[in-house]
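Student: Could we go through this one together? I'd like to know where the words come from.

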Amino acid sequence: MSALPRFAAALATTLACLLPLTAQALDIQPYSAAALESAQKADRPVALHFHANWCPTCRAQEKVFNGFKPDATLALALLVVDYDAERALKQKLGVRTQSTLIVYRGKRETARLAGETDPARLKAALQSAL
């Protein structure tokens with residue numbers, strides 16, 4: 001193999017390794033206390049979406065959030081909290097209704113919305129931590 005093809009192969013491998021680091025977007029994942037704690041300790045942006053499967057507003061929000069997945073301007077984790085199961089967390093954070101979105105930069109709350117389905121307002125809330 002000559003030098004040019006070896007260089008091209010090495011460059012392609014390097015770029016493939018770097019892409020996940022540069023092309024971050026909204027990372028939707030199930031809530032875990034460990035994931036929230038890790039993001040907050042590292043002073044990273046993170047959001048909690050209190051979701052109930054029976055809630056039509058939550059389902060509408062879910063569609064909006066899924067549409068944001070490829071948006072590289074939203075490089076943060078969105079942790080989906082089971083509204084019915086996480087009673088202690090709801091009480092600790094003062095969440096009174098499903099379809100609540102709480103956005104943090106580290107441990108500092110930057111936005112809170114409840115019942116909002118407007119994509120522009122949801123995006124603005126998520127961007128408040130960036």
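Student: What pattern does the chain follow, read along the sequence?

Tutor: It goes α-β-α-β-α-β-α-β-β-α. That comes from 5 helices and 5 strands, where helices (H or I, at least four residues) and strands (E, at least two) are DSSP runs, numbered from the N terminus. Keep in mind that this is a predicted model: local features need pLDDT of at least 70, side-chain atom pairs count only at pLDDT 80 or more, and totals for chains, interfaces and linings use all residues. Residues are numbered from 1 along each chain as its sequence is written, and side-chain values use heavy atoms, with hydrogens and water left out.

Student: Why is Gln-61 called buried?

Tutor: Buried means under 20% relative accessible area, exposed over 50%, partly exposed in between (1.4 Å probe, protein chains only). Gln-61 has 0%, so it counts as buried. Across the chain, buried residues make up 36% of the 130 residues.

Student: Where is Gln-61 found, and what does it touch?

Tutor: Gln-61 is found in helix α3, residues 56–68. Contact means heavy atoms within 4.5 Å. Leaving out residues up to four places away in sequence, Gln-61 touches His-49, Ser-99, Gly-115, Glu-116, Thr-117 and Leu-122.

Student: What about Cys-55 and Cys-58: buried or exposed?

Tutor: Cys-55 has a relative accessible area of 2%, so it is buried. Cys-58 is at 0%, so it is buried too.

Student: How many disulfides does the structure hold?

Tutor: It holds 0. A disulfide is a pair of cysteine sulfur atoms within 2.5 Å.

Student: What makes β2 and β4 a pair?

Tutor: Two strands pair if DSSP finds at least two bridges between them. Strand β2 (residues 45–51) and strand β4 (residues 100–105) have 6 bridges, in the antiparallel sense. In one of them, Ala-47 has Val-103 in β4 as its partner.

Student: Which order do the strands of the sheet have?

Tutor: The open sheet of 5 strands has the order β1-β3-β2-β4-β5, with mixed pairing. β1 (27–30) and β5 (108–114) each have a single partner strand, so they stand at the edges, with one side left without a neighbour in the sheet.

Student: Which strands does helix α2 touch, and at what angle does α2 run to β2?

Tutor: Helix α2 (residues 33–41) packs on the sheet, touching β1, β2, β3 (77–82) and β4, and its direction makes about 150° with that of β2. Axes here are lines fitted to C-alpha atoms, for helices over the stretch in contact, and angles run from 0 to 180 degrees between N-to-C directions. Helix α3 lies across β1, β2, β3 and β4, at about 150° to β2.
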